[in-house]
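This briefing goes through one predicted model. It takes the topics in turn, from secondary structure to nonpolar cores.

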Amino acid sequence: MSRFHEHASEMSRRTFLEGAGRIGLGVAGAGSAVALARGTDLGFANGMRQEVVFPQKQPLLLQRTRPPLLETPLEVFDRGVFTPNDRFYVRWHLAQIPNVIDPVAFRLKIRGHVRRPLELSLDELRNGFERFQIAAVNQCSGNSRGFFDPRVPGAQWGNGAMGNAQWTGVRLRDVLERAGLRAGAVQVRFNGLDAGLIPQTPDFLKSLDTDHAADGEVMLAYAMNGAPLPVLNGYPLRLVVPGWFATYWVKMLNDIEVLRQRDDNFWMAKAYLIPDTPAANITPGQQGINMIPISRMVPRSFITNVHAGATLSVGRTTEIRGIAFGGDTGIAKVMFTADGGRRWQEARLGADHGKYSFRQWTASLRLAAPGAHTLMVKAINSAGVTQPERANWNGSGFMRNVIESVAVHAT
Amino acid sequence: MRPEHRRIRARCGLLLSVGLLLSVGLLLSAGLLLPAGPLMPGLIPAAGAAAPAPARTATVSIQLPVSNAVLPPGNGAELANAQCLICHSAEMVTLQPPLTLKEWTAEIAKMRNTYGAPLPAQQIELLASYLHGIDGR
């Protein structure tokens, strides 16, 4: 019997014995190749997602095998404010992803409108510049797209196209200073090692204004939570743009080009555009809207230890907890309600890891009456921006940040 | 969801699972799946505690799983499999919400005009009608 058949029959036996349990295919010690039978319903139509294990990863929800789109299950966010590298979500646009990376041969080019073009090895980056570290949330522009109503095409994510990590590396400002921007530099464009499968597919390029690129926070990360980045999260080097959506956080970054005119490549000029309206909100079908590149994140918060449909005990105090983030600035307050929003209580905030990080919150809940209750949480950031009561809508499914609700039952 | 829809999706799911299992199995037998990198513990210590990452000098190599899933049968399935699966696996189609014929036609236009899908113009209609047939509203 082939190994596949052995595994297949092992799977059916275990499925039979354990129902929806996880099915390990990995031979002892391999630990890197597992297809799992467990599925998770993300909570919208056609929202069942299978758990899979990709290289250097623990189980994630499969959105697409090629190019990989893998979602972090919500339970991971309950375990702490830093998302483990092996549970961090994965999102690639183009299918040609190098699967062999030689960190010694790797070079980062800095070129274009600079005085001294550079080619830096990873060692030169590590040893030639001051080390910089920052905690920051990386969130896909289309996180939670599956909840848009009416639905919109695109990757049908639940809420797990996000993660928080300590990023270690060097400031982009220091690298740009070494190269020396020439007068008239307008934007800085970033390219990674990935590419499309057919020549006509536009290479994935993203740009930031020079002022932003050199703000001392935008950085080149060679480590994530104290370890090298997983290949699927951009090993050996990725751009980190604190407070901005992940579309700018170019993975496997190997080329930085300083531009003397604004970047008009497809991924800046035509893709990742949002309506230039408050909260990027429009009415379905609305025409004549000015579109602008997506940029800063907005506040969000989630309940992580109680799921929809949970049963709580009447009269008993339960600690409700979750995570919140302010978007492009820190968290000022997190508010919690157990009666659908009539009375809000201020949640207690956990350790502050910096304004771009997830922050844990907790609130004590004692339900006095049996029956249905709606738990809700909302974040207010230090710029005074509050999560909205009604969901925004746009045709690309970007920037969702409506107040989250969890319906529970008390007995 | 229409019953035929559910059947199609169940079939897609099964094909996908078999595809993934098969690929993983093949990769394992071929010894192509290399050990993962350092695993993170469930909880990362507080800010500032992240130790400087040691420089890695060994070449890092991974083998990505392959999906052998194909799109559900129907008039135009062959065309869809030949065109859509060049750049992405089948889940990108099967996990979409039901879309109108107009929305599917717009998706096809994006794939042709932006990403360079080599779909002849005279086959747009057949492909749109197929996609709308398997996942339409």
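Chain B of this predicted model contains five helices and one strand, and along the sequence these elements follow the pattern α-β-α-α-α-α. Of the 137 residues in chain B, 38% are buried, and among the chain's contacts between residues at least 6 apart in sequence, 74% join residues at least 24 apart.

**Helix H5 of chain B**

- The buried residues in H5(B) are Leu127(B), Ala128(B), Tyr130(B), Leu131(B), Ile134(B) and Asp135(B).
- Viewed down the axis of H5(B), these buried residues fall within an arc of 160°, and they therefore line one face of the helix.
- An α-helix has 3.6 residues a turn, so residues three or four places apart point the same way.

**Helix H3 of chain A**

- In helix H3 of chain A, which covers residues 172-179, the buried residues are Leu172(A), Val175(A), Leu176(A) and Ala179(A).
- Around the axis of H3(A) these residues cover an arc of only 100°, which puts them on the same side of the helix.
- The partners against which the buried residues of H3(A) pack are strand E7 (107-112), strand E8 (118-121), strand E10 (162-171), helix H4 (210-213) and strand E13 (219-224), which belong to chain A.
- After H3(A) comes Gly180(A), whose phi is positive, near 80°.

**Five-stranded sheet of chain A**

- An open sheet of five strands in chain A has the order E8-E7-E16-E11-E12, and its pairing is mixed.
- The edges of this sheet are formed by E8 and by strand E12 (205-209) of chain A, each of which pairs on one side only.
- On average, neighbouring strands of this sheet are turned by 20° against each other when direction is ignored.
- Within the sheet, E7(A) and E8(A) run antiparallel and are joined by four bridges, and Leu108(A) stands opposite Leu120(A) in E8(A).

**Four-stranded sheet of chain A**

- Another open sheet in chain A consists of four strands in the order E19-E21-E25-E24, with antiparallel pairing.
- Strand E19 (300-303) and strand E24 (348-349) of chain A are the edge strands here, as each pairs on one side only.
- Strand E21 (residues 317-325) and strand E25 (residues 359-366) of chain A run antiparallel and are joined by eight bridges, and the bridge partner of Thr318(A) in E25(A) is Leu365(A).

**Nonpolar cores**

- The largest nonpolar core has 110 residues, and those with the most contacts inside it are Met219(A), Leu220(A), Ala221(A), Leu239(A), Val240(A) and Val334(A).
- E13(A) contributes the largest share of this core, namely six residues.
- When its neighbours within four places in sequence are left aside, Met219(A) is in contact with Phe132(A), Ile134(A), Trp167(A), Gly169(A), Val170(A), Arg171(A), Leu172(A) and Val240(A).
- A second core, separate and made up of 16 residues, includes Leu71(B), Cys84(B), Met92(B) and Leu119(B).

Conventions: Residues are numbered from 1 along each chain as its sequence is written. Chains are lettered from A and ligands numbered from 1 in the order in which they are written. This is a predicted model: local features need pLDDT of at least 70, side-chain atom pairs count only at pLDDT 80 or more; totals for chains, interfaces and linings use all residues. Two strands pair if DSSP finds at least two bridges between them. Helices (H or I, at least four residues) and strands (E, at least two) are DSSP runs, numbered from the N terminus. A residue is buried if 20 or more other C-beta atoms lie within 10 Å of its own, exposed if 12 or fewer, and partly exposed in between; C-beta atoms are placed from the backbone. The arc is that of the directions from the helix axis to the C-beta atoms. Two residues are in contact if their C-beta atoms, placed from the backbone, lie within 7 Å. Axes are lines fitted to C-alpha atoms, for helices over the stretch in contact, and angles run from 0 to 180 degrees between N-to-C directions. A nonpolar core is a set of buried Ala, Val, Leu, Ile, Met, Phe, Trp, Tyr and Cys residues joined through C-beta atoms within 7 Å.
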